[in-house]
Protein chains: 2
Amino acid sequence: MAILALAVLGHGIVDPSTAVIHADDLGVTRGDGCFEGLRVRRVPTNEATGTTTVETVDLTAHLRRMAHSADGLGIGFDEAAWRHLVLELADEWAAGYPGQDEAAMKLVLTRGRPGLEQPTGFGTVSDPPADIDTRRQDGIDVVTLSRGTSDDSFSDAPWLLGGVKTLSYVINMAAQREAASRGAHEALFVTVDGSLLEAPTASVVWASGRTLRTVADGVGNGILHSITVDTLFKRAAEGGWTTISGHGQVEDLFDADVAMLVSSGFGPLRIRSLDGKPLPATPAGAESLAACRRFTDFPQA
Amino acid sequence: MAILALAVLGHGIVDPSTAVIHADDLGVTRGDGCFEGLRVRRVPTNEATGTTTVETVDLTAHLRRMAHSADGLGIGFDEAAWRHLVLELADEWAAGYPGQDEAAMKLVLTRGRPGLEQPTGFGTVSDPPADIDTRRQDGIDVVTLSRGTSDDSFSDAPWLLGGVKTLSYVINMAAQREAASRGAHEALFVTVDGSLLEAPTASVVWASGRTLRTVADGVGNGILHSITVDTLFKRAAEGGWTTISGHGQVEDLFDADVAMLVSSGFGPLRIRSLDGKPLPATPAGAESLAACRRFTDFPQA
């Protein structure tokens, strides 16, 4: 989990062991900022010569969401500067770790230090999560946890920052620890009325036949817009599938062929049990999971 | 707002211009940690010789609440080490800024860096807020904002971290910006049903006759336990007042002699208007405000 490469906005590449944040930065004292996580991977450009290039997956969409988050927080966002930082960082990783095919990039923007009127920005590249192969292969056990809000808590309340990917993720982290303490891999947030929301760092998708469903964002429930689900739904639609962003209940996941948590780091992971009860494992579900992995360029297991 | 003194847990005093936090510290990437803010002030020990000492106001109570927060997050808390850091920090400020009578101390504990299993801790001393005198003298305009939750959203849901003073304050900061955009000084959170909760960085107290009321914490509404209100209620009770921690509605603040926001930084501030409507300004209210300032050792204006 060490930092493999580090770049600071306005400074460029710095030694990964450098402390780069001041004690009064509002990113740390108030969790006041936003972030993006994306996958970087080495892809062949010429099979014959073995040359490769580095792909920053869905970079434009991630920068667009980061701009949206920064706008929601009233923090300036210089897209060109961030794009430059990302490419520098990807090159630094590619040169320094030639044996590694895939890694995790994180981009962080904070309001900066009080009185300076200048945001703090940096990006890191780290190893992918250690348990990624097991989760892809075996699926995951998930528990539902209340988010304490309802389907319209965030309507007309922009200060609650619905849909803004802020640095204030402490409840998401606590929910993951609660899930672990119950013997599960992940949590899935639900409203106080039991409607599906999202996982702490992933979105929920479920398939029935050739129809994919997810929970709609931007409708007052506060959940994030998922870039990986966007890609999934776009490519699925191109492949003739029906895709629906709407409303869901916990029972819907039991009735589906397969239910998944989807994130840019892990891709689609099958939920094999929910609140201790196994979810159906059918050939149709296995086919849908495989299709979702193809649509999002993730390996099958 | 510059840092006047800085100390790092396990290292002691460092130059205030030092960057002390790494890019992957979970305090910044996830807002995963907790904090305390307290007042440090110079108090005379001998009027004749003019000698003074530095008081860290309610330090024991702040360290107790920080231990509670750390416990809620599952982060280790070494009270003796923190007490040592606080005293070093107070001395550093007192020696470096002999002309300053009062300052703001902040203590921050994060989960640290992934894989290191070692929390990050540091403390800062900064100037008190610039507008403190105006707010004490003139009172403040406040707007109510929904917190998106209800009075029992946090019951039986420890992962929502009710009562834990975490670093994930981005919504509190956004609420303060929303208040400012409406021409007010501060926000006051209410439930989706309009029950009173707390302000982003203060608690609400209202007085009718010789009765003080506040919103009860630890009852499922998620609000923080206020150390300054504790002190206020303890001393008020000793002075023969009745104190009630319970439930309140917005209308109650209009019916009271005086309504206040109370914090360790500002002490009791009179709410002079709520959602654009003036609150009553009566001699009884002025007397209650003055009493609350005496009980908490804050200047009258």
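The structure is a predicted model, and a reasonable place to begin is the relation between its two copies. Chain A can be superposed on chain B with an RMSD of 0.0 Å by a turn of 180°, with a shift of 0.0 Å along the axis. The two copies are thus related as by a two-fold rotation axis. The interface itself fits this picture, for 100% of the interface residues of chain A are also interface residues in chain B, so the copies meet through the same surface.

As to the extent of that surface, chain A contributes 53 residues to the contact and chain B contributes 53 residues. Between chain A and chain B an area of about 4,200 Å² is buried, and carbon and sulfur atoms give 64% of it. On the side of chain A, the residues that lose the most area to chain B are A:Arg30, A:Trp159 and A:Val170, which together make up 19% of what that side buries.

Polar pairing across the interface can be described at two levels. Across the interface of chain A and chain B, 21 residue pairs are found in polar contact, with both residues at pLDDT 80 or more. The elements of chain A that give two or more residues to the side touching chain B include the strands β1 (3-8), β4 (33-46) and β6 (102-110), together with the helices α1 (26-29) and α5 (170-181). Of these, α5(A) supplies the largest share of that side, namely seven residues. By residue type, the side of chain A that touches chain B divides into 27 nonpolar, 16 polar and ten charged residues.

Side chains of opposite charge can pair when their charged atoms come close. Between chain A and chain B the count is two salt bridges, and in one of them the side chain of A:Arg177 meets that of B:Asp32, at 3.9 Å from N to O.

Over all chains, the whole structure holds 28 salt bridges. One example within chain A joins the side chains of A:Asp32 and A:Arg111, at 2.7 Å from N to O. Because A:Asp32 lies in the loop between α1 and β4 of chain A and A:Arg111 in the loop between β6 and β7 of chain A, this pair ties together parts that are 79 residues apart in sequence.

Notes: Residues are numbered from 1 along each chain as its sequence is written. Chains are lettered from A and ligands numbered from 1 in the order in which they are written. This is a predicted model: local features need pLDDT of at least 70, side-chain atom pairs count only at pLDDT 80 or more; totals for chains, interfaces and linings use all residues. Side-chain values use heavy atoms; hydrogens and water are left out. Contact means heavy atoms within 4.5 Å. Buried area is the accessible area (1.4 Å probe) that two parts lose on being put together, summed over both. A salt bridge is a side-chain nitrogen of Lys or Arg within 4 Å of a carboxyl oxygen of Asp or Glu. A polar contact is a pair of N or O atoms within 3.5 Å; within protein, one must be able to donate a hydrogen and the other to accept it, and residues adjacent in sequence count only if both atoms are side-chain atoms. Helices (H or I, at least four residues) and strands (E, at least two) are DSSP runs, numbered from the N terminus. Ala, Val, Leu, Ile, Met, Phe, Trp, Tyr, Cys and Pro count as nonpolar, Asp, Glu, Lys and Arg as charged, and the others, Gly among them, as polar. Copies are superposed by least squares on the C-alpha atoms of residues with pLDDT of at least 70 in both.
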